[in-house]
Amino acid sequence: MSAIYKRELSSYFNSMIGYVFIAVLVFFTGIYFMAYNLYNGLPQFSYTLYSLMSILMFAIPLLTMKSMAEERRSRTDQLLLTAPVSLTGVVMGKFLAMATIFLIPVALCAFCPLIIAMNGEARLLSDYASLLAFFLMGCVFIAIGMFLSSLTESQIIAAVSTFAVLLVLFLWDDLVSFLPSALSSLLSAFSFTQVFYNFVQYSVFDLKGLVLYVSLAALFLFLTVQTLQKRRWA
Amino acid sequence: MIEVRDLVKRYGRHLAVDHLSFTVPDGQIFGFLGPNGAGKSTTMNLMTGYLGPTSGEIVVDGHSVTQEPELAKRAIGYLPEIPPLYLDMTVEEYLDFAAGLKKVPKKERGEQTDRVMELTGVFGVRSRLLRNLSKGYRQRVGLSQALLGFPKVLILDEPTVGLDPQQILEIRTLIRDLGREHTVILSSHILSEVQEVCDHLLIIHHGKKVAAGTPEELERSLARTPALEAEVRGEAERVQPLLSALPGLTALEQLPPREDGACLFRLEAAEGTDLREAVFRVCAREDLPLLELRRDAMTLEDIFLKLTSDDPAAPQLENNRQKEEEKP
């Protein structure tokens with residue numbers, strides 16, 4: 001697993017994708033941070049994170065699109081799947097590499113509340129809790145992207161379908177409200193964005209929501225392993 | 001040792017591997033021969049655990065590939081049909097990654113990658129990107145990857161494809177050397193290659209085993225009705241009735257004569273009948289000089305063609321044969 005992790009990590013920096021992904025997120029963090037916190041003087045960094053969510057929806061497919069699809073297209077999956085490594089090891093290695101890359105802009109974001117604190121009163125606890133929720137949400141996005149990438153050989157299809165799924169998650173609450181009330185109340189319990197909003201808007205530490213994020217990430221990792229497994233036996 | 005028992009792989013309605021069973025003892029170079037689409041690559045993918053079998057079992061070095069995949073895979077080095085290379089890495093980086101993947105201890109990695117690069121002759125390009133290497137070099141890097149960890153069993157799917165004649169000779173020598181310490185299974189649709197390198201052959205066609213044995217055994221067992229070629233001085237019209245009257249003859253064919261005033265016939269006899277003496281006697285009695293009489297044994301090439309030519313795949317084989325002949 002560690003060999004795969006290291007290779008994946010370096011491959012993102014051998015190509016432009018890793019740099020572009022980090023640059024996009026850092027650039028927009030800078031813009032929102034400047035506009036909300038520095039220019040308008042809001043003390044909560046979480047508002048910046050709230051706006052960054054939509055940027056993340058565009059950026060994550062960039063990161064995940066090649067993870068599985070490219071292996072299959074170039075037949076390098078034959079090396080991975082015939083090596084003495086479990087499928088779970090392969091999938092986890094890739095997932096952790098992508099999560100590590102996502103951690104870089106998140107770590108840079110961690111300086112922003114400190115900058116606010118230097119210049120006035122900051123809400124460090126709620127900001128860092130929001131950052132944790134932001135990171136976990138990104139990890140769920142990565143797991144979804146990787147799963148969709150494992151279904152196809154085409155990076156484009158992987159990226160577009162990932163974006164579509166993330167968009168549905170983003171619009172979940174609005175879409176669910178069109179459904180009959182019984183169904184709607186059930187499905188709104190799975191609202192993906194509400195958890196994040198609890199953190200950033202209401203400064204609520206939504207433990208239940210974090211459990212939802214972790215389980216969703218685990219679910220999609222599991223599905224990715226099953227997709228690879230199924231292909232072997234097809 | 002590798003044991004394949006009653007292996008079946010079905011893709012929907014298509015039966016890619018059809019109840020295949022064979023055993024490869026330790027230290028043997030085992031050749032897989034068959035026309036394109038015969039199921040060679042599928043079988044190899046099944047043996048290495050890349051694909052799961054529909055039914056049947058594969059045991060490598062005492063471990064079932066389906067039950068204990070990690071232990072079985074540890075004993076296998078695999079070079080697939082298309083070498084699985086990450087084009088954004090250099091040769092050295094790639095081999096270091098592959099060594100890590102195969103759980104070669106960290107201390108030995110540098111030494112081992114150097115050694116396999118020496119063996120396959122890619123040491124000189126070790127710091128170049130795989131993207132910039134030619135097909136032949138890529139193939140050799142793929143082979144280096146299979147050698148890493150020096151596993152007991154090497155499975156090589158068409159290892160010499162894309163190499164120039166000089167490299168083919170080098171790789172063949174390498175495979176023969178490896179065969180002393182490793183069990184090597186290699187596939188090919190080129191007969192001369194397997195014939196030269198392998199101790200044991202398995203010919204498959206439509207996913208089925210059609211023949212197996214050492215190259216000599218195959219020649220012996222399949223050339224059961226040895227044909228004779230007789231060259232006689234005299235007119236064909238006179239010779240033909242004499243020969244066709246021979247007891248035990250099953251087929252007589254006139255071939256274009258090799259020299260003026262002589263005629264050439266090909267005779268096939270029923271199993272167990274030796275016509276050589278009878279041909280000599282009948283010619284001697286009629287005072288026809290017998291210029292040449294020889295057994296026309298079936299070559300392995302003929303056997304291969306005969307076994308695999310009962311369908312539209314046959315013309316393809318002809319092409320391969322021609323390509324073979326063009327090679328120096």
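Let me start with the term pocket: on a 1 Å grid over the protein atoms alone, a pocket is an open set of points where a 1.4 Å probe fits, with protein on both sides within 12 Å along at least five of seven lines, and lining residues have an atom within 4 Å of a point. Grid points are joined across faces, edges and corners, and a volume is the space filled by probe spheres set on the points.

This is a predicted model; local features need pLDDT of at least 70, side-chain atom pairs count only at pLDDT 80 or more, and totals for chains, interfaces and linings use all residues. Residues are numbered from 1 along each chain as its sequence is written, chains are lettered from A in the order in which they are written, and side-chain values use heavy atoms, without hydrogens or water.

Now the largest pocket. Its volume is about 670 Å³. It has 35 lining residues, and B:Tyr11, B:Thr42, B:Asn45, B:Tyr50 and B:Leu51 are the closest to its centre. Which elements each supply at least two lining residues? From chain A, helices H4 (77-82) and H11; from chain B, strand S2 (14-24) and helix H1 (40-47). Helices (H or I, at least four residues) and strands (E, at least two) are DSSP runs, numbered from the N terminus. H11(A) has the largest share, five residues. By class, the lining has 13 nonpolar, eleven polar and eleven charged residues. Ala, Val, Leu, Ile, Met, Phe, Trp, Tyr, Cys and Pro count as nonpolar, Asp, Glu, Lys and Arg as charged, the others, Gly among them, as polar.

Next, the second largest pocket. Its volume is about 530 Å³. Of its 24 lining residues, A:Glu70, A:Ser74, B:Leu85, B:Tyr86 and B:Leu87 are the closest to the centre. H1 (2-14) and H3 (46-73) of chain A and H5 (135-147) of chain B give two or more residues each. H3(A) gives the most, five. The classes here are six nonpolar, seven polar and eleven charged.

Back to H11 of chain A, residues 207-233, which holds A:Val214. Is A:Val214 buried, partly exposed or exposed? Partly exposed, because its relative accessible area is 48%, and the cut-offs are under 20% for buried and over 50% for exposed, with a 1.4 Å probe and protein chains only.
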